[in-house]
Structure formats: C-alpha cells, structure tokens
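Dear colleague,

Please find the structure below, handed over for your use.

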Amino acid sequence: MEVTITVNGTAHTLDIEPRELLVHVLREDLRLTGTHIGCDSTSCGACTVLYDGVPVKSCTLFGVQAEGVEITTVEGLLTAAGLDPMQAAFKEHHGLQCGYCTPGMMLVGKALIEQNPAPSDDDVRDAIGGNICRCTGYMNIVKAIQAAAAAQQQSAPTPAPANA
Ligand code: FES
Ligand code: FES
C-alpha cells in the first residue's frame, strides 16, 4: 500500500505492507537505524520516536499510521550547526554508556522540555518512565535532560520590555 510519511522534515512515498510496524519502516525501508529495537513489545522504549512532537513507541504503531504525521527520529536532532543541545548534554553529562536506550531517552527529553522548560528530577523520571536503561542507573540521564533544558532556556531570546 502506498503511503507518504514525513520523517525529519523529508516526505517519503513508500509502498509498504499494511502490517509493517513503523519501527521496521524507519529502520529497513528508510535505513534510519538510530531507532533501536529492544523488546518489540512496547516495554523498553528503545524504539521511541516523536509523532507530531509526542513520544511514541514505534514498535506499537503500523507504518501506515504515520501518514500525514511529522515523525522525528534521533537522526533528526542533528542540525547543520552541530549537535542538538540534548545530544550535547548527554555527551557532557555521561548520560549514556552502551547507547542502546539513548535515542529514545533523548527524544523523550526533547518532548519534555518543550512542555516543561525547567523539569524537576521527578518530572524527568516520570517522563522517562517508559524507557529502560540497563547501564547508567538513570541519574546521569536525568542530569543530562535538565542540562539541556537549562541550555535551551539560556539560548531563548530575551522578551522585550513591556514598555519598549
Ligand atoms: S522495541 Fe519498542 S518498546 Fe521496546
Ligand atoms: S546506556 Fe545502555 S541501556 Fe542505557
């Protein structure tokens, strides 16, 4: 079945099986292998992508359900200017070890700080509650997401004074 899926700002028209999961469309049809597969059963979060800005587990959706939606994968975080602040914060704060969970963690972090520019420890832990990390113990992931939030706030334009 023919569908058009927009991933990281680029529209792709693909002929896919209606039963094909979104994670397989991303990894196998589009070769975007930064989206990982851990459990294939909605438990680990390794396959997390943003679906119109909302984190979803791409092993839980069919590819055809992404028609007309903006999908962001970890590859979409990198810009011409370099690493996204979330990527830079994970690097600086040692938010990863093996890296298997990292794409999903960073995308959940991105969605969180869009909604909550200064998340507490508990806010971050709630947000990443569906994402499993076997390596880090989570503490540095929490620190990295909070550091990315702080960097985002620092780079936000200062509002003009009301009487300017
Ligand atoms: S691979 Fe999708 S949640 Fe684990
Ligand atoms: S860094 Fe290895 S699973 Fe999280």
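Which residues of the largest nonpolar core touch the most other members? The model is predicted, and in it that core has 23 residues, of which M86, F90, M105, I141 and I145 touch the most other members. Helix 2 (85-92), helix 3 (102-115) and helix 5 (139-155) each supply at least two residues of this core. Its largest share, 7 residues, comes from helix 3. A second, separate core holds 16 residues, including V25, L32, L61 and V69.

Leaving aside its neighbours within four places in sequence, F90 is in contact with G95, L96, T102, M105, M106, I141, A144 and I145.

Turning to helix 1, which spans residues 22-29, its buried residues are L22, V23, H24, V25 and L26. Among the elements that cover these residues are strand 1 (2-7), strand 2 (10-15), strand 3 (48-51) and strand 5 (70-72). Just after helix 1, R31 takes a positive phi of about 60°.

The remaining point concerns the largest pocket. The space in this pocket amounts to about 170 Å³. It is lined by 15 residues, and the closest to its centre are Y100, C101, I132, C133 and R134.

With kind regards

Methods: Residues numbered from 1 in each chain as written. Chains lettered and ligands numbered in written order. Predicted model: local features only at pLDDT ≥ 70, side-chain atom pairs only at ≥ 80, totals over all residues. Heavy atoms only, no water. 1 Å grid on protein atoms, 1.4 Å probe; cavity = no way out; pocket = protein on both sides within 12 Å on 5 of 7 lines; lining within 4 Å. Points joined across faces, edges and corners; volume = space filled by probe spheres on them. Buried < 20%, exposed > 50% of the residue type's maximum accessible area, 1.4 Å probe, protein only. Helix = DSSP H or I, 4+ residues; strand = E, 2+ residues; numbered from the N terminus. Contact = heavy atoms within 4.5 Å. Core = buried A, V, L, I, M, F, W, Y, C linked by side-chain atoms within 4.5 Å.
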